[in-house]
Amino acid sequence: LLILTSLARLYGALSSISDATFSSSEYLFLALYTASGSSIPSFASFLAYLAPLAGLAMGFDAINRERSQGTLTRLISQPIHRDAVISAKFLAGALAILMLVFFEGVLVGGVGLLVIGVPPTGEEILRLVSYLLLTSFYTMLWLGLSMLFSVLCKHAATSALSVIAVWLFFAIFMGLLAGIIANGLFPTENATSMQTVMQN
């Protein structure tokens, strides 16, 4: 699913890059990741929404599945610390997230390089690696949060619904709520100064 949607985003970016607006762009290679088509969002915005879901899917039943299957007591009875079990599950998920995000980034960059034929500069590669690392860490944050709910909730369905509710709040409703509060505190309808707009 991630590969197919990444290729669709790449198609939208390539169709947008072919316009005259990107013909004189300084960072043409990075436009593969930030440009969006007419109805297809960019790779960066797609990854911002879908990467947390990958982290949530990897960790929502990491601990309570062991508890419900009865294997957690056998695992803890071994001479290992309880923290080591959770840390190992997190590190395994973090490694999978790193491989997933970097594979997506290299796939889009490789196919885009074949199509546009413009190699990236050193600065573009540094920016791309930094972006992919920050995206990986952002996804790992959601992995850790989903594992926390997996520890706190007894059932996998409860932890999945709880962590998806938290993600929905921060992904959709937090921006709306912040806009309402900002407009209430610093209204910009009749703003005459730039300071009011900046405060908003």
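Visitor: How do you know that the reach of α3 is close to the expected one?

Guide: Keep in mind that we're looking at a predicted model. In it, α3 has 17 residues and reaches 24 Å from its first C-alpha to its last. The expected span is 1.5 Å times one less than the number of residues, and for α3 that comes to 24 Å. Set side by side, the reach of α3 is close to the expected value.

Visitor: Where in α3 is the kink?

Guide: Look at Tyr49, shortly before the proline Pro52. The bend compares axes fitted to the seven residues ending at a residue and the seven starting there. At Tyr49 the kink is about 30 degrees.

Visitor: Which residues of α3 are buried?

Guide: Buried means under 20% relative accessible area. In α3 the buried residues include Phe43, Phe46, Leu47, Ala51 and Pro52. Ala54, Gly55, Leu56 and Gly59 are buried too.

Visitor: And Met58, why is that one called partly exposed?

Guide: Met58 also lies in helix α3, but its relative accessible area is 34%. Buried needs under 20% and exposed needs over 50%, so a value in between is partly exposed. That's where Met58 ends up.

Visitor: What is Met58 in contact with, leaving aside its neighbours within four places in sequence?

Guide: Gly93, Ala96, Ile97 and Leu143. To count as contact, heavy atoms have to be within 4.5 Å.

Visitor: Why is the pair of Tyr33 and Phe43 called edge-to-face?

Guide: Two numbers settle it. The ring centres of Tyr33 and Phe43 are 5.5 Å apart, and rings pair if their centres lie within 6.5 Å. Their planes are at 75 degrees, and planes over 60 degrees apart count as edge-to-face.

Visitor: What makes the pair of Phe43 and Phe46 tilted?

Guide: From centre to centre, Phe43 and Phe46 are 6.2 Å apart, with 50 degrees between the planes. Stacked needs under 30 degrees and edge-to-face needs over 60, so the rest count as tilted. Since these two are 3 residues apart in helix α3, about one helical turn separates them. Both Phe43 and Phe46 are buried. Together, Phe29, Tyr33, Phe43 and Phe46 form one aromatic cluster.

Visitor: Why does Thr135 count as buried?

Guide: Thr135 is in helix α7 and has a relative accessibility of 9%. The cut-off is under 20%, so a value like that counts as buried. Neighbours within four places in sequence aside, Thr135 is in contact with Leu47, Ala51 and Val101.

Visitor: How do you know that Ala160 is buried?

Guide: Its place is in helix α8, and its relative accessibility is 16%. With buried meaning under 20%, Ala160 counts as buried. In α8, Ser159, Val163, Trp167 and Ala182 are buried as well. The buried residues of α8 pack against α3 (43–59), α4 (64–69) and α7 (122–152).

Visitor: What is the reach of α8, and what is expected?

Guide: Helix α8 (residues 156–185) has 30 residues and reaches 41 Å, close to the 44 Å expected at 1.5 Å a residue. There is also a kink of about 50 degrees in α8, centred on Phe173.

Visitor: Why is the protein called more spread out than a compact globule?

Guide: First, the parts: the protein has 9 helices and 0 strands. Its radius of gyration is 21 Å, while the globule rule gives 16 Å for 200 residues. The value is well over the rule, so the protein is more spread out than a compact globule. Along the principal axes, its C-alpha atoms fill a box of roughly 65 × 50 × 30 Å. Buried residues make up 31% of the 200 residues.

Note on methods
Residues numbered from 1 in each chain as written. Predicted model: local features only at pLDDT ≥ 70, side-chain atom pairs only at ≥ 80, totals over all residues. Heavy atoms only, no water. Helix = DSSP H or I, 4+ residues; strand = E, 2+ residues; numbered from the N terminus. Buried < 20%, exposed > 50% of the residue type's maximum accessible area, 1.4 Å probe, protein only. Phe/Tyr/Trp six-rings, centres within 6.5 Å; stacked < 30°, edge-to-face > 60°. Rg over C-alpha atoms; globule rule 2.2 N^0.38 Å.
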